[in-house]
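Okay, thanks everyone, let me put this one up on the screen.

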Amino acid sequence: MPAVTDAEHRALDERLDIITWGCALLVVAIMFLLPGAGRLWHFLMPFGLVFITMSVVRQKIKTRRDTAGLIVGIAFTGTGLLDLVGIDLQFFPLVPAILAIVGSGLIFNAVVSKRLRVDPDRPPE
């Protein structure tokens, strides 16, 4: 089996990202169409579970880990669970504060990280 190039890994990652967002949007659209689905957790939990599932799929096929997707999935699923058990998220300031901290951390990580942007084995042009 030939070695997979960096470009092929990036292409697979991009396809998986598109599939993840497509599935998440389909799930939310389906939830809008279901009669009786109107509470916040009806939308947050399936949306978050899509991201968690895709993180597991990425791990199984041995590609790049999607840490941000996993964090988003856990945050949405956790917030949905809190709504399911009856915690009023609008008046419980800890939940929005945690989501803001997680979001800020993701942005900070993306700005500060020095990820490899070129293939080191590729000859210069």
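Let's start with Thr-63, which is found in the loop between α2 and α3; helices here are DSSP runs of H or I, at least four residues, numbered from the N terminus. Bear in mind that this is a predicted model, where local features need pLDDT of at least 70, side-chain atom pairs count only at pLDDT 80 or more, and totals for chains, interfaces and linings use all residues. Residues are numbered from 1 along each chain as its sequence is written, and side-chain values use heavy atoms, with hydrogens and water left out.

So is Thr-63 buried or exposed? At 12% relative accessibility, Thr-63 counts as buried. Buried means under 20% relative accessible area, exposed is over 50%, and partly exposed is in between, with a 1.4 Å probe and protein chains only. Not counting residues up to four places away in sequence, Thr-63 touches His-9, Leu-12, Asp-13, Leu-16 and Arg-58, contact being heavy atoms within 4.5 Å.

Two of those names bring us to the salt bridges. How many does the structure hold? There are 3, each one a side-chain nitrogen of Lys or Arg within 4 Å of a carboxyl oxygen of Asp or Glu. Arg-58 forms one with Asp-13, the closest N and O atoms being 3.2 Å apart. Arg-58 lies in helix α2 and Asp-13 in helix α1, so the pair ties together parts that are 45 residues apart in sequence. Both Arg-58 and Asp-13 are buried, and for Arg-58 the relative accessibility is 0%.

Arg-58 also meets Asp-17 in a salt bridge, at 2.5 Å from N to O. Asp-17 is in helix α1, so this pair ties together parts that are 41 residues apart in sequence. Asp-17 itself counts as partly exposed, at 29% relative accessibility.

Then there's Arg-39 with Asp-83, at 3.7 Å, N to O. That pair links distant parts of the chain: Arg-39 in the loop between α1 and α2, Asp-83 in helix α3, 44 residues apart. Arg-39 is partly exposed, with a relative accessible area of 40%, whereas Asp-83 is buried at 12%. Salt bridges that share partners join Asp-13, Asp-17 and Arg-58 into one network.

On to the nonpolar side. Which residues make up the largest nonpolar core? It has 8: Ala-24, Val-28, Met-31, Ala-37, Phe-43, Phe-47, Val-50 and Phe-51. The elements giving two or more residues to this core are α1 (6-33) and α2 (40-60), and the largest share, 4 residues, comes from α2. A core here is a set of buried Ala, Val, Leu, Ile, Met, Phe, Trp, Tyr and Cys residues joined through side-chain atoms within 4.5 Å. Leaving aside neighbours within four places in sequence, Ala-24 is in contact with Phe-47, Val-50 and Phe-51.

Last stop, helix α3, where we find Thr-77. Thr-77 is buried, with a relative accessible area of 10%. Leaving out residues up to four places away in sequence, Thr-77 touches Leu-44, Met-45, Gly-48, Leu-49 and Ile-52. The C-alpha atoms of Thr-77 and Val-50 are separated by 9.6 Å, with the two residues 27 apart along the chain. And just after α3, Gly-86 takes a positive phi of about 100°.

Okay, that's my tour; over to you.
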